[in-house]
Structure formats: structure tokens, C-alpha cells
Amino acid sequence: MAPPPAAPPSPPAPRGRRTGPGRLRGTLYRWDVKAIPYVFIAPFFLTFAAFGLFPLLYTGWLSLHRVELGGTPEWKGLENYTSLATSEFFWTALTNTFTIGVISTVPQLLMALGLAHLLNYKLRGRGFFRVAVLAPYATSIAAATLVFAQLFNTDYGMINGVLDRIGVGPVDWNTSKWPAQIAISTIVTWRWTGYNALIYLAAMQAVPQDLYEAASLDGASRWRQFVSVTIPSIRPTILFTVIVSTIGATQLFGEPMLYGGSVGISGGSGHQFQTLSLLMYEKGWVTGALGSASAIAWVMLALLLLIGGAQALVSRHNRKKLGG
């Protein structure tokens with residue numbers, strides 16, 4: 001008896017198409033490749049949205065309202081901004097912010113540049129000095145400001161004692177405008193000079209030694225090498241520190257507040273060193289005008305955007321100049 005005929009083989013599944021568990025694994029793999037990177041970066045964006053973007057937008061909304069502590073916001077449009085334009089206190093704070101920024105940033109960066117130039121040489125114990133210049137930066141703002149407030153004390157401060165020894169009369173470092181601003185700028189300069197010096201030092205160490213050797217063969221002195229080789233080579237770093245220091249000066253808050261003591265929030269008895277940050281704090285948490293404080297915050301943001309735009313224009317000009 002002949003065996004029954006074999007069943008015809010089933011047609012093969014189309015190539016590239018999976019069924020059952022294989023298809024599920026492929027789908028999970030594709031989702032894993034596409035979604036996991038977003039899962040990893042999601043905490044940053046969630047944190048930024050909660051503590052950065054939302055406060056920024058909410059502050060902008062408050063700046064268009066009259067808001068008192070515990071009260072209901074009342075729509076005012078641009079009234080808070082027009083009030084700032086006619087406020088003597090606002091223009092005084094803006095002027096103080098600019099002057100303190102200039103007399104603290106310019107000496108700070110110049111001294112940092114010279115200090116970095118010295119640390120760039122093969123000095124004995126230069127590792128120790130490189131660490132030591134960061135000590136002021138590691139010191140808290142409160143501790144540094146309180147020490148300098150004692151040094152600049154009008155009655156028994158060491159600064160006036162030294163001035164008296166050389167025949168200069170005592171200076172009122174608290175109630176006079178320019179002496180008070182110079183004292184505050186000294187604190188800022190002391191804290192940030194070493195930090196900027198290390199940034200400059202890192203940039204100087206990246207300058208090719210061939211440039212110095214060529215300049216030395218041409219008979220250039222160390223000063224000429226510094227001016228003609230070092231400065232042009234680290235120009236982008238110098239621009240970076242100028243922008244960062246300017247932004248820090250625009251947001252100056254802790255040093256003037258602690259230096260003024262009981263009248264620190266108002267920037268002294270005559271508002272002689274009140275900055276925009278201090279005025280914003282006073283408007284928001286002393287007088288309770290949160291709408292005006294929010295408007296000041298957005299004015300400060302506009303100033304920082306202008307500074308950033310100026311940096312972009314200068315950088316583009318430098319790139320075009322180098323490219324040409």
C-alpha cells in the first residue's frame with residue numbers, strides 16, 4: 001500500500017515582517033532607541049521649566065499688574081515700566097550699577113591678566129600660588145564683606161588709619177557716594193581677580209610656543225611678546241571674561257547689602273550704592289510692590305540681552321577680521 005502524499009509546505013512568511021514575540025521585541029527596541037535619550041534629558045528640561053521658564057514667564061505677567069502681598073493682581077499694562085522711567089530711585093540704581101560695575105570690572109580684569117602672566121612662567125612653587133589665588137573666590141560673600149566693612153570703617157578702620165599716617169584726612173567710606181562705591185568694588189575685585197586669572201592662565205597655556213620663539217628670534221622683549229603675542233591669542237577669552245564680569249556686576253546684590261548693614265537694602269542712607277538688584281528686592285519684599293519688582297527684573301533681563309547681543313556682534317566682527 002502506497003504511503004499518503006505529503007502535505008505541501010506552507011508558504012514562507014514575507015521577508016522583513018515578524019510575527020508574535022519577535023515583532024514585539026522589534027517594536028520595543030525601536031522605541032527604546034528613540035525614546036531613551038529623551039528620558040535621560042527629561043529631568044533637566046522639567047527642572048528648567050519648573051524653576052527657570054515658569055518663574056520667568058510669571059514674572060513677566062506680574063510686571064503688567066499691580067500686585068501687593070496678599071492681594072489680588074490688578075491689570076495695569078505698561079504702567080509699572082512707565083513708572084520706572086520717571087522714578088529717580090530707578091535711575092539712581094541704574095547709574096550706581098553701571099559705575100560700580102566699571103570700577104570693579106576694569107581693575108579686576110587688568111590685575112587678573114597681569115597675575116596670569118606671572119603665573120605662566122616657571123616660578124618656584126607656582127602650583128601653590130595657582131591654588132592660593134582661588135582662596136578669595138572660595139571665601140563666602142558674607143565673611144569677605146564683613147571683614148572689608150571693618151577695614152573701611154570710618155571711625156576705627158585700618159584703611160583710614162593708614163591714610164592718617166600718610167597725612168590724608170579720614171574718608172567717609174559709608175555715607176559718601178564714591179568712597180562707598182570704591183569700597184564695595186574693592187570687595188568684588190578681591191573675590192574675583194584670582195578666578196579670572198586662572199581662566200586667563202588656561203588660555204595662555206594653550207598659546208603655541210612657536211609664536212614666542214619666533215618673537216624672541218626677532219628680538220622682542222617679554223613685554224612686547226605679551227602685547228603682540230599673548231593678548232591677541234587670548235582675545236576671545238578676554239571678551240568672555242568681560243561679558244561674564246559685566247553680567248555679574250549687573251546682578252550685584254550681596255556685597256552692597258551686607259556692606260550697608262541696617263541700611264544695606266536701600267543702598268545707604270542716601271541710596272548712594274543701591275544697585276538694581278537691591279532696588280528690586282526693596283520693591284518686592286520691603287514695600288510689597290511685586291509688580292514694580294517684576295518690571296525691574298525684566299529691565300535687568302533686557303540689559304543682559306543687550307550685553308549678550310553686543311558680545312555676539314563683537315565676536316562676529318573679530319571672526320570676519322581674522323577671516324579677511
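First, the accessibility terms: buried means under 20% relative accessible area, exposed means over 50%, and partly exposed is in between, with a 1.4 Å probe and protein chains only. This is a predicted model, in which local features need pLDDT of at least 70 and side-chain atom pairs count only at pLDDT 80 or more, while totals for chains, interfaces and linings use all residues. Residues are numbered from 1 along each chain as its sequence is written, and side-chain values use heavy atoms, with hydrogens and water left out.

By salt bridge I mean a side-chain nitrogen of Lys or Arg within 4 Å of a carboxyl oxygen of Asp or Glu. How many salt bridges does a search of the whole structure find? The search gives 3.

Take Glu-68 and Arg-66: their closest N and O atoms are 3.7 Å apart. Glu-68 is partly exposed, because its relative accessibility is 34%. Arg-66, at 46%, is also partly exposed.

Next, Lys-76 pairs with Glu-74 at 3.6 Å, N to O. Lys-76 has a relative accessible area of 26%, so it counts as partly exposed. Glu-74 is at 39%, partly exposed.

That leaves Glu-255 and Arg-191, with an N to O distance of 3.9 Å. This pair links distant parts of the chain, 64 residues apart: Glu-255 sits in helix H12 (residues 254-260) and Arg-191 in helix H8 (residues 177-205). Helices here are DSSP runs of H or I, at least four residues, numbered from the N terminus. Are these two partners buried or exposed? Glu-255 is buried, at 4%, and Arg-191 is buried, at 7%.

Methods: Helix = DSSP H or I, 4+ residues; strand = E, 2+ residues; numbered from the N terminus.
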